[in-house]
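I opened my notebook to look up a few things in this structure. My entries follow below.

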Amino acid sequence: MATLYSTTCRSHSYSLLPSSSYSPSINGQNHTQRLNFSSCIAKRVLPAKVSFPFRRNSHLNVVFMQDGAVATPVNPVENESPFKKLKDGLLSSAPSTEEMKEAASFDVNKDKSTVSITVVGASGDLAKKKIFPALFALYYEGCLPEHFTIFGYARSKMTDAELRNMVSKTLTCRIDKRENCGEKMDEFLKRCFYHSGQYGSRENFAELDKKLKEHEGGRVSNRLFYLSIPPNIFIDAVKCASSSASSGIGWTRVIVEKPFGRDSGSSAALTKALKQYLDEDQIFRIDHYLGKELVENLSVLRFSNLIFEPLWSRQYIRNVQLIFSEDFGTEGRGGYFDNYGIIRDIMQNHLLQILALFAMETPVSLDAEDIRNEKVKVFTINETFTT
Ligand SMILES: NC(=O)C1=CN([C@@H]2O[C@H](COP(=O)(O)OP(=O)(O)OC[C@H]3O[C@@H](n4cnc5c(N)ncnc54)[C@H](OP(=O)(O)O)[C@@H]3O)[C@@H](O)[C@H]2O)C=CC1
Ligand SMILES: O=C1O[C@H](COP(=O)(O)O)[C@@H](O)[C@H](O)[C@H]1O
């Protein structure tokens, strides 16, 4: 599973923008979700006898994923403790601006390559509120490559100027004190374009492809499609984007927003359907909580802090509570909560991700696969969740 986990370019998640603290208060009251767990803290917290009922192939040391895909093996690291390796990695991964730019350049051959980002569903709430502002933050930080183009794609009729106008209303310079922010915004907006089309139309995506090619100007073109649309049209959009607008000579990747189904079966079915058109490593399922600075810092706090690291155990911690609290009402989400539920909305994703980062063993490296493997163990050994 490709997972967006940011360790380098800090502002690549939309949540890194100072959040407007958006929290559901059911019936207009402050709403708090509490996840209590005292049975799932890492290694030293577990009773000595607990074993990991982890599905492993004894020869290959692989982890089987829900849909049958196989994650890469974890190689034992000799003569170097995972903790030391991770600590070194965490400390050295605090990136300088230059490193961030380097890491974000997407291609070593940067003069010859370009990245085209298409926000599918650009007329919608998430695009306006989070995605465009996050893209602007990346641009401001120098984390987008020299040659990049952003396209909004949706059914609504809009000109480029109308898209820019819409986007400009939600761009913000609120991270730290920004210099030349207005100038940067203008430069950014000039790189934003719009194409109107149906999500299930190969012709419309072929038109988009033509426009993308004009902007890419013959460079190696990497293409990213951000699916900011309701899940029932994910597959249509992926089918058409992959057949009519994927990159001929670069990578093509798709970011899928939650929800990834409403239960295990439907999530596996969604993955299976996506895989008709994409390989697993082209699919990025985003959990924006992993990009929150506080959440990112959790690993540093746990594994690199000499005071906390030895204390992070059941010997010293009796009870841990994750409290999700928002200071405003449902704000139009009532129907969604009635149908989908607050547990699916924030608990099985955001809060469980935090729980896993909090309770997992030291991963052998900061690679997404290694971190994921440790997270899986936390959930596999956990017997009870009470809310
Ligand atoms: N909004 C948020 O804060 C969050 C949203 N998400 C997820 O992100 C995705 C996008 O969310 P959001 O922007 O709020 O969604 P919207 O309901 O605003 O939909 C986005 C766009 O998709 C198109 N659309 C909406 N409904 C349909 C439909 N039935 N058939 C075809 N096209 C449709 C519309 O564009 P047009 O009519 O122009 O084609 C709309 O502007 C969803 O999967 C959502 O669950 C995840 C986390 C937070
Ligand atoms: O994904 C979601 O997250 C928000 C909370 O995230 P934040 O970054 O805005 O604090 C939550 O309010 C929303 O219901 C949920 O869909």
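Which residues does UniProt list for "domain: Glucose-6-phosphate dehydrogenase C-terminal"? I looked up the record, an unreviewed entry, and it gives residues 300-381. I keep in mind that the model I am reading is predicted. Over residues 300-381, I find the chain to be 57% helix and 9% strand. The end C-alpha atoms of this stretch lie 24 Å apart.

**Entry: helix α8**

I turned to α8, which covers residues 264-274. Which of its residues are buried? I noted S267, L270, T271, A273 and L274. They sit on the same side of α8, because they cover an arc of only 165 degrees around the axis. In an α-helix, residues three or four places apart point the same way, because there are 3.6 residues a turn. On the face turned away from the buried side, I found the exposed residues G265 and K272. What do the buried residues of α8 pack against? My list reads α7 (234-244), β9 (252-256) and β10 (283-285).

**Entry: V256**

I then checked V256, in strand β9. Is V256 buried or exposed? Its relative accessibility is 1%, so it counts as buried. Leaving aside neighbours within four places in sequence, I see V256 in contact with F234, L274, I283, F284, R285 and I286. L274 is also among the buried residues of α8.

**Entry: a surface patch**

Last, I looked at the surface. L301, I307, F308, L311 and Y316 make a nonpolar patch of about 480 Å². I307 lies in the loop between α9 (293-304) and α10 (308-311). I marked I307 as exposed, because its relative accessible area is 60%.

Key: Residues are numbered from 1 along each chain as its sequence is written. Chains are lettered from A and ligands numbered from 1 in the order in which they are written. This is a predicted model: local features need pLDDT of at least 70, side-chain atom pairs count only at pLDDT 80 or more; totals for chains, interfaces and linings use all residues. Side-chain values use heavy atoms; hydrogens and water are left out. UniProt positions are given in the numbering used here, feature names are shortened, and annotations may be inferred rather than shown by experiment. Helices (H or I, at least four residues) and strands (E, at least two) are DSSP runs, numbered from the N terminus. Buried means under 20% relative accessible area, exposed over 50%, partly exposed in between (1.4 Å probe, protein chains only). The arc is that of the directions from the helix axis to the C-beta atoms. Contact means heavy atoms within 4.5 Å. Patches are made of residues with over 30% relative accessible area and no salt bridge: like charges are joined within 9 Å, nonpolar side chains (Val, Leu, Ile, Met, Phe, Trp, Tyr) within 5 Å. Accessible areas come from the Shrake-Rupley method with a 1.4 Å probe; for residues, only the protein chains shown count as cover. A salt bridge is a side-chain nitrogen of Lys or Arg within 4 Å of a carboxyl oxygen of Asp or Glu.
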